[in-house]
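Subject: Handover of a structure

Dear colleague,

Please find the structure below.

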Amino acid sequence: MSIEIDYERLRREMVRRQIASRGIRDEALLEAMARVRREGYIPSWLGEFAYEDSPLPIEEEQTISQPYIVATMIDALKIGRSSRVLEVGTGSGYAAAVLAELASEVYTIERHASMAQAAHDRLRRDGYHNVHVQHGDGSLGWPENSPYDAIVVAAGGPRIPETLKRQLKVGGRLVMPVGKEPGLQQLVRVVRTHEDRWTSEDLGAVRFVPLVGEQGWREEPTSAPAPRPAPVDEDARTAIMRRCEPFVDHDSADLQPLLRRIGDARVVLVGESTHGTSEFYRLRARLTRELVEKHGFTIVALEADWPDVARIDRHARDLRVPDEAWEAFALFPTWMWRNEETREFVEWLRDRNLGLPAERRARLAGLDLYAMSNSIAALLGFLDRRDPAAATLARERYACLTPWQRDPAAYGRAAVTGAYRSCEGEATAMLRELMRKRLDQARRVDERWFDAEQNAHLVADAELYYRVMYYGGADAWNLRDRHMHRTLLRLLEFHGPAAKAVVWAHNLHLGDASATDMAARGETNLGELCRAHHGRDCYAIGLGTHHGTVAAASHWDGPVEFKRVRPALEGSWERLCHETRTPGFFLPLRGEEDDPLRRALERPRLQRAIGVVYRPETERHSHYFHADLPRQFDEWIWIDQTSAVTPLPTRERDGVLETWPSGL
Ligand code: SAM
C-alpha cells in the first residue's frame with residue numbers, strides 16, 4: 001500500500017519546528033528552505049523521511065545534511081541577492097538549490113562524478129539555472145570564478161585550505177567543519193578582513209563526512225579499524241549448528257542448560273527484537289517463572305513506566321492500596337504491555353504470590369520515564385493521604401508542568417525555544433523534598449514512600465528528557481537508559497542484598513551498545529551500564545526471528561496493525577540463523593576470545609530491530625543496524641517463525657482506555 005505524503009505540509013512544519021524555532025530569523029533563508037523540495041534530492045525509498053530532523057544516506061555512502069545544519073551554515077554566510085557563492089561538496093545538490101534561491105550565482109564541486117551529474121540533473125529539473133556543477137577536487141576551490149562573497153564547505157577537513165581562504169573577496173565569509181579526527185568537527189566561520197588577514201570563530205560541534213582531496217584528508221579515512229578478513233558464512237553457520245541447543249517448540253524447550261549458565265547472576269536481561277511478538281513474551285515468561293520459583297528472583301522489571309506497572313504490581317502482589325483515577329497503559333502503544341501474553345504471566349504471578357507471606361512475594365516494576373502526568377497524579381494521590389502539607393507543596397511545584405501534561409514533548413519544545421519557562425527547578429526541588437522526607441528510618445523501609453520517591457525521580461528525569469529530546473541525538477536516548485539503570489539499582493538496593501532482578505525490554509536497550517552502531521553515535525544503554533556495574537553477575541539474552549507476523553503501528557500514535565515480518569536481509573544475523581534451518585535454538589555466546597564460535601562470528605553483521613512502529617517498505621534504513629553479536633549478548637535465542645501478540649480488547653471510556661487488568 002502506498003501512502004500519499006503531503007510534502008508541502010511537512011516542509012512548512014520542518015521550517016517552523018526545526019529551523020525558525022531554533023533561532024534562525026533570516027526571512028529570505030526560511031522562505032528558501034520552505035521552497036526547496038528536499039524529497040527530490042534523496043533516494044525515492046527514503047521519501048517519507050525527507051523532512052526528518054536528521055542527515056540521510058545518499059549515493060556513494062555520502063549524506064545529505066540535516067536541514068537545520070544546512071540552514072545554520074547558510075545563515076552564517078550572510079548571502080545577499082548579488083552574492084557569488086562557492087560550495088565544496090555538492091552531494092545531492094540540495095544545499096546548492098537553497099543557495100540558488102538566495103544568491104546570484106552558485107558554483108559547486110563534487111568529487112564523485114556520478115553524484116555531480118545526478119545533482120546537475122536535479123537542479124536543472126527544478127529550474128535552478130544559476131547553479132554550475134563541476135566534478136573535481138573542491139579542496140582546491142574553483143579559481144576561475146573567484147573571488148567569492150561566500151564559500152561553504154560541506155565536508156570535514158583537518159584545517160581550512162589556504163587556497164580557499166585566498167578565493168574569498170575581502171569581507172567574504174567561509175564556513176567549514178574542521179576537526180583533527182574525521183567524523184567529528186567544529187563548525188568554523190572565517191572572514192577575510194584584509195588582503196592578508198582573516199578572523200575565525202567557532203559555531204559549535206558538528207559531524208560531517210570527510211573532505212577528501214589535496215587540501216583535505218588524503219584518502220577516505222575510517223574511524224573504525226579495518227575489519228579482519230571475514231570468515232565465510234559457511235563457517236559461521238556450521239559453528240552455530242555445532243554449538244547451539246536446538247528446540248522445536250519454545251513452549252517445551254528445555255530451559256535447564258540456560259538456567260545453569262545464568263547461575264548466580266543477580267540481573268538477567270531478556271531482550272526481544274520486536275515489541276509485538278507472542279513467542280518472545282511467552283518464552284521470557286517461562287524463563288522468568290523458573291527464575292522466580294527456583295532461583296530466588298523477586299523483581300521483574302519492564303520497559304514500561306513506573307506508575308503504570310505499579311498498578312499491575314498491586315494486583316500481582318494483592319496489595320491493598322487505593323488507586324488514583326487514571327488508567328494504566330492507556331496511551332500508545334497500548335498493546336506493548338496490555339496483551340494476553342503479559343496478562344497470563346501477571347495472573348500466574350498473582351496466584352503464586354497469594355500463597356506466600358507478603359515479604360516473599362515477587363514484584364513487578366517499571367523502569368521507563370514517559371509517563372510524567374501519571375507519576376504526578378500517583379504522587380499527589382499518595383501525599384494527599386499521607387502528608388497533606390507536602391501534597392500542597394507538590395501541587396504548587398508541579399503546577400509549572402500542568403498545562404503540558406497531555407503533550408510533554410510540546411513542553412520540551414516550548415521550554416527550549418523560550419516560549420515557556422523551564423520547570424527544571426520545580427521538578428528537582430520536589431524530588432529533593434521527597435528524598436529528604438525519606439531520610440526518616442521508618443520511611444526508608446516503607447514501600448509506599450519508596451514508590452512515591454520513584455515517581456518524583458521520574459518527573460525530574462522526564463522533565464529533562466523532554467527538553468533534551470528536542471535536540472535529537474544521543475543525549476535523550478542516554479538519559480532514558482541511564483534513568484532505567486538508576487531505577488533498577490534503586491530497586492535492588494531497596495529490596496536488599498539478596499534481591500535479584502529479571503528485566504524485560506527491547507534488544508536495543510539490553511544488548512551491550514558498545515558492540516553495535518550505537519557506540520559511534522555516542523549512545524549507551526541499559527545493557528552496557530548493567531555490564532559495567534555488575535560484570536559477570538549480569539546475564540544478557542537477545543531474542544531474534546526471521547519472519548512471521550508482528551503487532552506494530554505504521555507511525556507513532558497510530559493504531560495497532562498485524563503486519564507481516566519480512567524475511568531477514570542478506571548479510572544479517574537473522575539470515576545466518578535462518579540458514580541453519582532450525583526452528584529454534586539457544587546459542588551460548590559467553591566464551592573466551594579464542595573460542596572457535598566467537599571467532600567464527602566475530603564479524604559485525606546487520607541486525608533487525610522492530611519497535612512499536614514497523615515500516616517494512618523502508619526496512620533496511622528504518623530497522624537494521626550493525627552488531628557484533630558475541631559481544632552484544634551472553635546468549636542468543638532464535639525462533640525462526642513468529643506471530644503477533646494478542647492485544648487485550650481496549651474500550652474507550654471518556655476518551656481513555658479501560659483499566660487493565662480487568663477487575664482492578
Ligand atoms: N551539500 C550536500 C547536500 O546538500 O546533499 C551534502 C554534502 S555531503 C555532507 C559532502 C559531500 O562532499 C559528499 O558528496 C562528498 O563526496 C563531497 N566531497 C568530499 N570531499 C570532496 C572534495 N575534495 N571535493 C568535492 N567534493 C567532496
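Two strands are said to pair if DSSP finds at least two bridges between them. Helices (H or I, at least four residues) and strands (E, at least two) are DSSP runs, numbered from the N terminus.

The model is a predicted one: local features need pLDDT of at least 70, side-chain atom pairs count only at pLDDT 80 or more, and totals for chains, interfaces and linings use all residues. Residues are numbered from 1 along each chain as its sequence is written, and side-chain values use heavy atoms, with hydrogens and water left out.

Strands

Strand β12 covers residues 299-305. With strand β14 (residues 501-504), β12 pairs in the parallel sense over four bridges, and I299 stands opposite A501 in β14. Strand β12 also runs parallel to strand β13 (residues 363-368), to which five bridges join it; here D305 stands opposite D368.

Buried means under 20% relative accessible area, exposed means over 50%, and partly exposed lies in between (1.4 Å probe, protein chains only).

Strand β4 (105-110) contains T108, which is buried at 0% relative accessibility. T108 and W142 are 34 residues apart in sequence, and their C-alpha atoms are 8.5 Å apart in space. In the loop between α4 (94-102) and β4 lies A103, which counts as buried at 3%. The C-alpha atoms of A103 and E48, 55 residues apart along the chain, are separated by 29 Å.

Aromatic rings

Rings of Phe, Tyr and Trp (its six-membered ring) pair if their centres lie within 6.5 Å; planes under 30 degrees apart count as stacked, over 60 as edge-to-face and the rest as tilted. The structure holds 21 aromatic pairs. In one of them, Y411 and Y420, the ring centres are 6.4 Å apart and the planes stand at 80°, so the pair is edge-to-face. Y411 is buried, at 0% relative accessibility, whereas Y420 is partly exposed, at 24%.

Ring pairs also link Y281, W337, F345, W348 and W504 into a cluster. R284 lies over the face of Y281, at 4.6 Å from the ring centre, and the charged end of R125 sits over the ring of Y41, 5.6 Å from its centre. A charge sits over a ring if NZ of Lys or CZ of Arg is within 6 Å of the ring centre and within 35 degrees of the ring normal.

Pockets and cavities

On a 1 Å grid over the protein atoms alone, a cavity is a set of points where a 1.4 Å probe fits but cannot get out, and a pocket is an open set with protein on both sides within 12 Å along at least five of seven lines; lining residues have an atom within 4 Å of a point. Grid points are joined across faces, edges and corners, and a volume is the space filled by probe spheres set on the points.

The second largest pocket holds about 250 Å³ of space, and its lining includes T298, R317, D318 and H495. There are five cavities of 30 Å³ or more. The largest cavity has a volume of about 70 Å³. Of the eleven residues that line the largest cavity, R314, A378, F382, R385 and D451 are the closest to its centre. The elements that give two or more residues to this lining are α12 (372-386) and α17 (447-469).

Yours sincerely,
A colleague
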